[in-house]
Amino acid sequence: MPTQDERAGTDRIGSEKTMTALVDGILAHPATGEEIAAVQDQLGRYPRGMVAVGARCVCGNPLAVVTRPLLPDGTPFPTTAYLTSPEAVKEVSHLEASGLMNDFNQELGEDEDLARAYRQAHQTYLDFRHALALRLGDSEEHIRTTSAGGMPTRVKCLHALTGQSLVMGSGINPLGDRVLAMVRPSFDPAVCRCARPWGSAQGQD
Ligand SMILES: [Zn+2]
């Protein structure tokens, strides 16, 4: 039987390799001007440091973007997987307003399996960013141990956890996955409910 440390060591290497492959896949399709314009429209501001779209609606609209560890002006940016879909942001904000973060924090304090999976999600976030920083030549010095959303021990932002689940896939962040399951009747990447589906409005305004 491997010890828990040995098992964690193997998981670490596996996570690094998986995240490097994921980052390479994402960087194979750098953000286009059209995508940056679409995200600017979603956020109501220019998406500084946007590297690529990290998750899409079935229609093609960006749902979350991958942002570089160091913004062009040198500001470290920890929220590497950033939720941009207005429909998703709205639904997740409703959950935050309902007090779900308190429930999650209480559960993290009581359920050691959940707490362990959440710590692993934090490490995977750092592995993803590390792979991205290496590829882009960005320094991650100032955010090397900082992930997002309150990880590894607290829940402070459900949008950040949801962004991670969308960009890195299910099975990585247990709480991001649960948020996505809870909002599914109103927001589902597999069911387009976009106010402006991809291709319907680009180039207007
Ligand atoms: Zn859509």
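Trainee: Let's start with T124: is T124 buried or exposed?

Mentor: Keep in mind that we're looking at a predicted model. T124 sits in helix 5. Anything under 20% relative accessible area counts as buried. T124 comes in at 6% relative accessibility, so the label for T124 is buried.

Trainee: Which residues does T124 touch, leaving out those up to four places away in sequence?

Mentor: Helix 5, where T124 is found, covers residues 112-136. Leaving out residues up to four places away in sequence, the partners of T124 are S15, M19, Q164, M168 and I172.

Trainee: D127 is in helix 5 too. What is its relative accessibility?

Mentor: D127 has to fall under 20% to be called buried. D127 does count as buried, because its relative accessibility is 5%.

Trainee: How far apart are the C-alpha atoms of Q120 and P152?

Mentor: Along the chain, Q120 and P152 are 32 residues apart.

Trainee: Moving on to V155: where is V155 placed, and what is its relative accessible area?

Mentor: V155 belongs to the loop between helix 5 and helix 6. V155 is called buried because its relative accessible area is 5%.

Trainee: What separates the C-alpha atoms of V155 and T124?

Mentor: These two are 31 residues apart along the chain. The distance between their C-alpha atoms is 16 Å.

Trainee: Which residues have the most contacts inside the largest nonpolar core?

Mentor: That core has 43 residues, and helix 5 gives the most to it, with eight residues. As a rule, nonpolar side chains in soluble globular proteins tend to be buried together. Inside this core, the residues with the most contacts are V155 and L158.

Trainee: Which residues does V155 contact, leaving aside neighbours within four places in sequence?

Mentor: V155 is in a loop, and it is buried. Leaving aside those sequence neighbours, V155 is in contact with M101, F104, N105, L108, Y118, G149, L161 and L175.

Trainee: How many residues of helix 6 are buried?

Mentor: Helix 6 runs over 158-168. Its buried residues include L158, H159, Q164 and M168, and just after the helix G169 takes a positive phi of about 95°. Helix 6 is mostly covered, with the buried count at 11 of its 11 residues.

Trainee: What coordinates the zinc ion?

Mentor: The donors are SG atoms, at 2.3 to 2.4 Å. In sequence the donor residues are spaced C-x1-C-x132-C-x1-C. The residues are C57, C59, C192 and C194.

Trainee: What is the arrangement of the four donor atoms around the zinc ion?

Mentor: For reference, the ideal angle for four tetrahedral donors is 109.5 degrees. Here the donor atoms subtend angles of 106 to 113°. Four donors qualify if all angles lie between 85 and 135 degrees, so the arrangement is tetrahedral.

Trainee: Stepping back, what pattern does the chain follow along the sequence?

Mentor: The chain has seven helices and three strands. Read along the sequence, they give α-α-β-β-β-α-α-α-α-α.

Trainee: What radius of gyration does the chain have?

Mentor: The C-alpha trace spans about 60 × 40 × 30 Å along its principal axes. A compact globule with 205 residues would have a radius of gyration near 17 Å. The chain agrees with that, at 17 Å.

Notes: Residues numbered from 1 in each chain as written. Predicted model: local features only at pLDDT ≥ 70, side-chain atom pairs only at ≥ 80, totals over all residues. Heavy atoms only, no water. Donors = N, O, S within 2.8 Å, 3.2 Å for Na, K, Ca; no water. Tetrahedral: all angles 85-135°; square planar, octahedral: opposite > 155°, others 65-115°. Helix = DSSP H or I, 4+ residues; strand = E, 2+ residues; numbered from the N terminus. Rg over C-alpha atoms; globule rule 2.2 N^0.38 Å. Core = buried A, V, L, I, M, F, W, Y, C linked by side-chain atoms within 4.5 Å. Buried < 20%, exposed > 50% of the residue type's maximum accessible area, 1.4 Å probe, protein only. Contact = heavy atoms within 4.5 Å.
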